[in-house]
Amino acid sequence: MHDTPEAAIERPQKLTFSPLVTVQQHILQEQRRFVGASGEFSWLLSGLTLATKLVAAKVRRAGLSDILGAEGSTNVQGEVQQKLDVYANDMLLHALKVRESVAMMASEEDETPLLAHGGSPTAKYIVVFDPLDGSSNIDVNVSVGTTFSILRRTRPLDEEVTTDEVLQPGNKQVAAGYVLYGSSTMLVYSAGRGVHGFTLDPAVGAYVLSHPNIRIPSSGKYYSMNEAHLDRCPEPYQRLVAGLRSGEYGKRYDSRYIGSMVSDFHRTLLKGGIFLYPPNDLRPEGKLRLLYEANPIAYIAEQAGGRASDGRQRILDVQPTSIHQRTPFVVGGPQEMQYFEKALLAASV
Ligand code: AHG
Ligand code: MN
Ligand code: MN
């Protein structure tokens with residue numbers, strides 16, 4: 001028997017579709033685990049999402065606007081800055097400096113950290129980032145990214161914030177992640193409870209949960225490194241790559257290398273395998289930066305069931321000594337990381 005219209009009004013209907021989860025909603029749920037969380041953490045992260053949406057919009061128009069090409073200035077690493085590097089840095093600094101919970105920021109593009117609200121009792125976080133990673137790929141329409149890492153202040157909040165408070169090992173990260181400006185724009189982040197991926201819906205300008213609880217496959221098909229440097233790398237790296245290529249580990253691996261760490265890692269995270277930027281004769285400490293490149297990626301990798309190493313120890317346990325310090329970096333799924341460890345051991349006996 002059918003209900004009369006009156007009866008249908010009295011009996012509420014159950015929702016049967018799964019609602020869209022935006023990154024904002026997700027963060028609000030996450031922050032409940034922070035004692036005394038009052039919305040400030042989600043407000044901080046919304047600074048990152050706002051800035052990266054602005055960067056995404058600029059990247060989309062990169063071939064059209066006057067944005068292509070070098071800015072003419074060089075950054076602290078002596079590298080030529082691209083215009084988009086400068087734009088991305090500005091967007092992040094501007095969006096974050098108005099967040100009351102941000103005490104200080106440190107960027108690849110700035111030699112020293114920048115003060116936001118340091119010394120104020122509300123400012124308990126330090127945000128560290130590479131505003132645009134893989135920027136040499138912009139001119140050829142290849143994916144780039146942003147990496148970020150969030151730390152808590154180590155001194156009492158009413159004391160002035162000091163530069164050494166940035167120098168914390170990666171195991172102290174409160175949250176970390178990256179944005180990949182690829183064929184679509186994706187935000188991947190973790191606040192210590194798994195890794196979640198959000199795809200930017202360009203029609204509505206919202207990051208929507210598309211990849212909940214990402215787990216890195218236990219084994220994959222690809223290794224990823226700049227093989228032009230292989231003969232200048234220490235023996236364990238040569239041994240590992242030889243093994244991956246020859247089938248010594250049960251299958252012959254293929255290689256993929258974009259030269260944009262965020263893109264190369266994102267593929268490794270979703271498809272498994274291993275990404276390496278080893279030390280070599282020309283760069284004995286490797287190329288990638290510990291605080292804002294290796295640490296956030298290592299944090300994501302571990303949260304997804306993978307591992308990350310500098311060839312001596314776990315990346316997240318390395319005590320930094322300077323803001324822009326470089327580190328050898330190897331990150332991947334459990335199986336391939338085991339092969340790497342085997343290669344290290346074989347070389348040391
Ligand atoms: P950035 O653009 O921030 O300077 O970083 C580029 C990095 C990284 O994205 C990539 O993994 C690496 O440089 C590629 O280096 P090679 O050209 O030496 O392979
Ligand atoms: Mn970079
Ligand atoms: Mn960069």
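1. Along the chain, the donors of the manganese ion (ligand 2) follow the spacing D-x2-D-x159-E. They are Asp-130 (OD), Asp-133 (OD) and Glu-293 (OE), which coordinate the ion at 1.8 to 2.2 Å; donors here are N, O and S atoms within 2.8 Å of the metal (3.2 Å for Na, K and Ca), and since water is not among the atoms, sites may look incomplete.

2. This is a predicted model, in which local features need pLDDT of at least 70 and side-chain atom pairs count only at pLDDT 80 or more, while totals for chains, interfaces and linings use all residues. Residues are numbered from 1 along each chain as its sequence is written, chains are lettered from A and ligands numbered from 1 in the order in which they are written, and side-chain values use heavy atoms, with hydrogens and water left out.

3. The manganese ion (ligand 3) is held by Glu-108 (OE), Asp-130 (OD) and Leu-132 (O), at 2.0 to 2.3 Å, and in sequence its donor residues are spaced E-x21-D-x1-L. Glu-108 lies in the loop between strand E3 (102-107) and strand E4 (114-115), whereas Asp-130 is in strand E5 (residues 125-133), so the pair ties together parts that are 22 residues apart in sequence. Strands (E, at least two residues) and helices (H or I, at least four) are DSSP runs, numbered from the N terminus.

4. The manganese ion (ligand 2) and the manganese ion (ligand 3) are 3.6 Å apart, and Asp-130 coordinates both. Asp-130 is buried at 0% relative accessibility, Glu-108 is buried with a relative accessible area of 5%, and Asp-133 is likewise buried, with a value of 5%; buried means under 20% relative accessible area, exposed over 50%, and partly exposed in between (1.4 Å probe, protein chains only).

5. Which residues come nearest to ligand 1? Of the 19 residues around ligand 1 (those with a heavy atom within 4 Å of it), the nearest are Gly-134, Asn-226, Tyr-257, Met-261 and Tyr-277. The largest share of this shell, 3 residues, comes from E5.

6. Taken alone, ligand 1 exposes 480 Å², and the protein buries 85% of that; accessible areas come from the Shrake-Rupley method with a 1.4 Å probe, and for residues only the protein chains shown count as cover.

7. Turning to the packing, the largest nonpolar core has 39 residues, and those with the most contacts inside it are Phe-41 and Ile-150. Apart from that core lies another, of 29 residues, among them Phe-265, Leu-290, Ala-294 and Tyr-299. A nonpolar core is a set of buried Ala, Val, Leu, Ile, Met, Phe, Trp, Tyr and Cys residues joined through side-chain atoms within 4.5 Å.
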